[in-house]
Amino acid sequence: MSASVINASSPVVARKDRGALWRAYGLLAPLVVFLVLTFVGPIGTLLWRAVADSELPQAMPATARAVSDWDGTSAPDERLFKPLVQDLKAVSPRDLAAAARRLAYEAPELRALLMAAKREAGDLDGSSARMQQLDPRWLENATWQTFKRASGPVGTYHLLSAVDMKHDYQQGLVAKDEAGLYRSILGRTFGIAAITTLVCVLLAFPLCVFLDRRTPKTRNALLLLILLPFWTSILVRTTAWMVLLQDQGIVNAMLLKLGWVNSPLHLLYNRFGVILALVHVMLPFMVFPLLAAMSGCNRLLVQAAYSMGARPLRVFFQVYLPQVLPGLAAGALMVFIVTLGFYITPALLGGPADQMISFYIAQFTTGTLNWGLASALGLVLLVATTLLYLIQAHLARRSTGAK
Amino acid sequence: MIRNPNSGPMAWFGNLGVSLSGCLVLAFLLLPILIVLPLSFSDSRYMSLPLGHFTLRWYEDFFSSSQWLSALFNSFAVALASTALAVVLGGLAALGLRHPAMPGKRFIEVLLIAPMIVPAVIVGVGMYFVFSNAGLTRTYLGLILAHTTLAVPFVVVNVGSALGGLNQRLLWAAASMGATPLVTLRKVTLPLISPGLVSGGLFAFATSLDEVVVTLFLAGPDQRTLPREMFTTAREALSPVLLSAATVMVLFATLLLLLSRAATRRS
């Protein structure tokens, strides 16, 4: 009897639970749908464009099929020329222009080659001799390798370009001609972020110790002073640095007046100005987690170490620092992650040699319209950010869990 | 011998060093922003010291230029609209996330926070691809949707933490006295989490007001916002009117900061 009562009551609870669950999903649905449309979709499109290679198959489907079947190492022959001529006769000028632009990313001379072939398409029959007569480059392996790399609909060309590599069908992965351009940009981005993070740690540490030793009332008042820059627009802070650092600016005016320099220093449009402003923008991100770690630190352990005769340096490195390290690391990684994606500050304060990866992504998207490369560089940045964020989240959980 | 770390000449010098370096770093944080204020009232063209005579010329330039005024108006209109949208969507989602044992909860949480972490350029490029196909670039609607996306995580986080501090027994008490879930929400939950809603909304507003990267990708000539206008002006040449624009924005920042402090104090 009692068993049947229990059996009768449990479905009621389950039904109620299911109602609560559906209600919860219902509350989440609007935002999830919204973000799928405005965030997941766009990011997915970017990832897709990093591997998509649709211009050539769209304009010249038969050629794209033929080069896919071709092994990439043997000498080009009529199996490639016939579909090419067939496609050239049928293709619309607009599609051909898109395909030519795609081929020109890799080999600029191919644009003219393709356009010349289009003009002569009526006289071509697809024989090797006729192609040789048109332009000997049509018989070269390198020309057709470029076609093969662009034959899509999905390929690794843009992704490999983003790290200055190229897939050569005869030699495997090789470095591209313009060796090291994007790798050096990536290295520069990581370098600027690393220096910014280091300076932030060095500046935040004394500031946090100072704040940690104040009474709660003073500390809250002083925190307000740190929150003000935090709430102020990045653009305001960046323009303020432009005004300060310009040749006739306040910094130079004071240095001249003090007699420390004879002529104004060039502080703007170089690495120094970029890092100075980045540190200024990112410092609050470092201060808050570090201060939290410091106020959660057990002071009695420090006292105990002193009472047992440990020297101040030893107390600092063996007792104090291990306690604040998780908070310090979480803050530093956060600074590093956010700095990696910076665009505005380097664009305004840096010279051409100080631009970070975001600048080139923007440049390729709206300037030179190389969307494949823009997306591939975006993918590299996204992967770096995601990996670092996972580490950061792990550290942040550990530092709050320890308290 | 036991050393007392809190007294003696070493400790005194140590304290002095900490105070001195702490104050220097504070000055480094504050001065660049504060210096803008006096410079914006000075008639020195080079925006430098010594300060020239007092003038309101740069403010006159700002408030008499239809370009700057419409940028100011656009910034506000877009920020207000996206804050409203973000508060509604984010508030509802935070209520939904309260369910303790929802399958896929971790995944949904990551999705809702992600716009805060993914670099702005990546979001901007992705939106540029999708929105231009949907005819949303160069429209106010597109800009509002984009800013809402970037602002909504702040609402979810703030309302979520306000809900975390909510006493579950109050909800049970309301239910035990016959209140329907909707009545409980309106009469008990909402009043208790309103500080979280307000501070989330303020964060959302500040995010939209500060946003420039995604705006550069999406906005057309009609959707100039204040940061975008400052960016394009500063890129061409420094002009003192930038200082008055900056001062206006610092004032808004101060206002938002004080409001958010008031909101957290209330909770």
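In this predicted model, begin with B:L136, which is found in the loop between α6 (120–133) and α7 (140–164) of chain B. B:L136 counts as partly exposed, because 19 other C-beta atoms lie within 10 Å. A residue needs 20 or more to be called buried. Leaving aside neighbours within four places in sequence, B:L136 is in contact with B:F131, B:L141, B:G142 and B:L145. Now look for B:R265. B:L136 and B:R265 are 129 residues apart in sequence. In space, their C-alpha atoms are 40 Å apart.

Stay in chain B and find B:L258. This residue lies in helix α12 (residues 241–266). B:L258 is partly exposed because 15 other C-beta atoms lie within 10 Å. The C-alpha atoms of B:L258 and B:L192 are separated by 21 Å. Along the chain, these two residues are 66 residues apart.

Next, see how the two chains meet. The contact takes 70 residues from chain A and 72 residues from chain B. On the chain A side, helix α1 (residues 2–51) gives the most, with 19 residues. What kinds of residue make up the side of chain A that touches chain B? There are 51 nonpolar, 17 polar and two charged residues.

Helix α10 (residues 181–212) of chain A meets helix α1 (residues 9–34) of chain B, and their axes come within 8 Å. The two axes cross at roughly 115°. The crossing of α10(A) past α1(B) is left-handed. From α10(A) come A:L203, A:P206, A:L207, A:V209, A:F210 and A:L211. They meet B:V18, B:S19, B:S21, B:G22, B:V25 and B:L26 in α1(B). In this contact of α10(A) with α1(B), nine residues are nonpolar, three are polar and none is charged.

Now turn to the nonpolar cores. The largest has 163 residues. Which members touch the most other members? They are A:A204, A:M282, A:M286, A:I344 and A:L377. The largest share of this core comes from helix α14 (residues 271–295) of chain A, with 15 residues. Domain 1 (1–51) and domain 3 (182–401) of chain A each supply at least three residues to this core. A second, separate core has 23 residues. Its members include A:L56, A:V67, A:W138 and A:F147.

Take A:I344 from the largest core. Leaving aside neighbours within four places in sequence, A:I344 is in contact with A:I234, A:L235 and A:T238 in chain A. A:I344 is also in contact with B:V212, B:V213 and B:F231 in chain B.

Helix α14 of chain A also holds A:A277. Is A:A277 buried or exposed? A:A277 is buried, because 29 other C-beta atoms lie within 10 Å. Beyond neighbours within four places in sequence, A:A277 is in contact with A:R237, A:T238, A:W241, A:T345 and A:L349. A:A277 and A:A240 are 37 residues apart along the chain. Their C-alpha atoms are separated by 9.2 Å.

Compare that with A:V380, in helix α19 (residues 371–401) of chain A. Not counting residues up to four places away in sequence, A:V380 touches A:A162 and A:L186. A:V380 and A:G331 are 49 residues apart along the chain, and their C-alpha atoms are separated by 23 Å.

Last, check the backbone. Most residues other than glycine have a negative phi, and most peptide bonds are trans. A:P153 sits in the loop between α8 (141–149) and α9 (157–162) of chain A.

Two residues of chain A have a positive phi without being glycine. One is A:D164, with phi near 60°. A:D164 is found in the loop between α9 and β1 (165–168). A:D164 is partly exposed, because 18 other C-beta atoms lie within 10 Å. The other is A:Y269, with a positive phi of about 60°. A:Y269 is in the loop between α13 (250–258) and α14 of chain A. A:Y269 counts as partly exposed because there are 18 C-beta neighbours inside 10 Å.

Note on methods:
Residues are numbered from 1 along each chain as its sequence is written. Chains are lettered from A and ligands numbered from 1 in the order in which they are written. This is a predicted model: local features need pLDDT of at least 70, side-chain atom pairs count only at pLDDT 80 or more; totals for chains, interfaces and linings use all residues. Axes are lines fitted to C-alpha atoms, for helices over the stretch in contact, and angles run from 0 to 180 degrees between N-to-C directions. Helices (H or I, at least four residues) and strands (E, at least two) are DSSP runs, numbered from the N terminus. A crossing is left-handed if the near helix is turned anticlockwise from the far one by less than a right angle, and right-handed if clockwise. Two residues are in contact if their C-beta atoms, placed from the backbone, lie within 7 Å. Ala, Val, Leu, Ile, Met, Phe, Trp, Tyr, Cys and Pro count as nonpolar, Asp, Glu, Lys and Arg as charged, and the others, Gly among them, as polar. A nonpolar core is a set of buried Ala, Val, Leu, Ile, Met, Phe, Trp, Tyr and Cys residues joined through C-beta atoms within 7 Å. A residue is buried if 20 or more other C-beta atoms lie within 10 Å of its own, exposed if 12 or fewer, and partly exposed in between; C-beta atoms are placed from the backbone. Domain bounds come from an automatic or database domain assignment.
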